[in-house]
Amino acid sequence: MASLIWYFYFRVANMASNAVLSEAPRALSAKYVGSFAYLTVKDRLPTILTKVIDTIHRNRNQFFEEYGEEGVQAEKRAISFLSKLRNELQTDKPIVALADNAPDADSWNQYLQKQQALMDQGGPASWFRSPWLYVECYLYRRMWEALLLNPPISGFDIFKEAKTQAYFESQQAVMAICTHLHDLVEGIGKLVEPQLCEEFLKLLQVSLWGNRCDLSISAGKENSQKSSPIDSLEDLKPFILVDDSNMVWSVLMKSKVLGGESQGRVDFILDNAGFELVTDLVLADFLVSSGLAREIHFHGKSMPWFVSDTTREDFEWTIKQMSGANHGWTCWSGTRWQQYLSAGVWSYHDHPFWTLPHEFCHMATEAPDLHALLQGAKLIFFKGDLNYRKLTGDRAWDYSVTFRRALRGFDPAPLCSLRTLKADVQVGLQPGQGEELTAREADWMTSGKYAVVQFLCPHKEQ
Ligand SMILES: O=P(O)(O)OC[C@@]1(O)O[C@H](CO)[C@@H](O)[C@@H]1O
Ligand SMILES: [Mn+2]
């Protein structure tokens, strides 16, 4: 009898905690006039669209050289598609279903139906009334559609020029970080644990601050890293609002200590190409060469996304560029990374889920294969702001709500978000900390000046 009572007690307690997990505050949206979402949809997104139109137009000669008159006609149609799209956005027209036949089109169209059903006071889902996360992702998907529907220029990456330029503008910083990596790897066998930890923390912070260099926040304007990233780390420390780095270190050490050499796999959910990607690759190299990880999976985007996000082509291009660089240690790093890739120690993955608009708490049902894959990692790094928005559902959480609560049951493996703040969602702060920051600096959540290293261990491992 007593055990039966306990059984029911636990069932009820469990149901109650699941109910708490599924409760969530409202989604951020441009319908809140004056909010960052509103300003983004009103100003930043049309600016990005205008730049894309300009880029396609400037490439007209290239399309002609490659495809003749057919290329020029496709360019004209793509531009008229994008101008119409800009008009739809600026005049808050209903969101329309995708008309291309790409494999993800059905998922997008089903998602639109769901958003439609969620509209309060009826009316269609629209740019200024639907959730910001949804409409912003949808915009990038529509830009891709503009090309998909217009062969032969369908393979053109509308952001390639901006990404290439950002990479070249951060060359000084790339050389500095590659030199640092080389010196570190050379003496790595002699480092005792506290020293190894210290080096890990440095490279973790370099990768964290690397996230400042995204081109979507600057609406495509140059935003690259110029100085040596290692030199500024001490000065930047006060701007890390939550720092769970030591827990990340413990997870990495646990499997190393248990098995001598590490057996584990570390996954990087990548964000931006350019300098940020180089910092991620440097951190990944350190994990492998120190024996803290045996294998690395990199996850990137399967279409041009949020201006600077990494696609397979960017990933391969960056490593190829580096291995052909004039600078010795940059070339050394690129060559080494090519070897990791050919040996299967590193691999690149681009699941379509990363370019759908879902909050990550829905990954297990929307992309069970990806969720199962991530469960095999001993640690997952989620890079950047958009991943943070998807982790927390891009919702108006209180600042002091725990990271776990905001993730609403998403915990495939120990995970760590490395993010500079560029959108107005933040959780896991001390009581009063967010309010104090707001009083001091109105734009603390969107300026990219602050950052967080937030860690979550799965329930079962606690
Ligand atoms: O994910 P990332 O590259 O760190 O940032 C993407 C971003 O610039 O795009 C959105 C604004 O358009 C914001 O959420 C965020 O600041
Ligand atoms: Mn990005």
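**Exposure, domains and sheet of a predicted protein chain**

Gln 121 counts as exposed because 5 C-beta neighbours lie inside 10 Å; here a residue is buried if 20 or more other C-beta atoms lie within 10 Å of its own, exposed if 12 or fewer, and partly exposed in between, with C-beta atoms placed from the backbone. The place of Gln 121 is in the loop between helix 5 and helix 6, where helices (DSSP runs of H or I, at least four residues) and strands (DSSP runs of E, at least two) are numbered from the N terminus. The phi of Gln 121 is near 55°, a positive value in a residue other than glycine. The model is predicted, so that local features need pLDDT of at least 70 and side-chain atom pairs count only at pLDDT 80 or more, whereas totals for chains, interfaces and linings use all residues. Residues are numbered from 1 along each chain as its sequence is written, while chains are lettered from A and ligands numbered from 1 in the order in which they are written.

A positive phi, of about 45°, is also found at Phe 306, which is not a glycine. Phe 306 is placed in the loop between strand 3 and helix 13 (312–323), and it counts as buried because it has 22 C-beta neighbours inside 10 Å. Within helix 13 lies Glu 313, which is partly exposed, with 15 other C-beta atoms within 10 Å. The C-alpha atoms of Glu 313 and Ala 166 are separated by 15 Å, although the two residues are 147 apart along the chain. A further backbone feature is the cis peptide bond from Pro 151 to Pro 152, with omega near 10°; Pro 152 is found in the loop between helix 6 and helix 7 (160–169). Most residues other than glycine have a negative phi, and most peptide bonds are trans.

At the level of the whole protein chain, 19 helices and seven strands are present, and 45% of the 462 residues count as buried. The C-alpha trace spans about 70 × 65 × 45 Å along its principal axes. The radius of gyration of the protein chain, 23 Å, agrees with the value near 23 Å that a compact globule of 462 residues would have; the radius is taken over C-alpha atoms, and the globule rule is 2.2 Å times the number of residues to the power 0.38. Among contacts between residues at least 6 apart in sequence, 80% join residues at least 24 apart, two residues being in contact if their C-beta atoms, placed from the backbone, lie within 7 Å.

The domain assignment gives domain 1 (36–148) and domain 2 (170–461), with bounds that come from an automatic or database domain assignment. The centres of the two domains, taken over C-alpha atoms, are separated by 29 Å. Contacts between them involve 18 residues of domain 1 and 16 residues of domain 2. On the domain 1 side, the elements that give two or more residues are helix 2 (36–58), helix 5 (105–118) and helix 6 (132–148), and helix 6 gives the most, with eight residues. The residues of this side divide into twelve nonpolar, two polar and four charged, where Ala, Val, Leu, Ile, Met, Phe, Trp, Tyr, Cys and Pro count as nonpolar, Asp, Glu, Lys and Arg as charged, and the others, Gly among them, as polar.

Seven strands form an open sheet of mixed pairing in the order 1-7-6-5-2-3-4, two strands being paired if DSSP finds at least two bridges between them. Strand 1 (240–243) and strand 4 (346–349) are the edge strands, each pairing on one side only. Neighbouring strands are turned by 15° against each other on average, direction ignored; axes are lines fitted to C-alpha atoms, for helices over the stretch in contact, and angles run from 0 to 180 degrees between N-to-C directions. Helix 9 (residues 193–210) packs on the sheet, where it touches strand 6 (415–420) and strand 7 (451–456), and its direction makes about 120° with that of strand 7. Helix 17 (residues 384–392) lies across strand 2, strand 5 (379–383) and strand 6, and runs at about 125° to strand 6. Strand 2 (residues 265–269) and strand 3 (residues 295–299) run parallel and are joined by five bridges, with Ile 269 standing opposite His 299 in strand 3. Strand 3 is mostly covered, since four of its five residues are buried.
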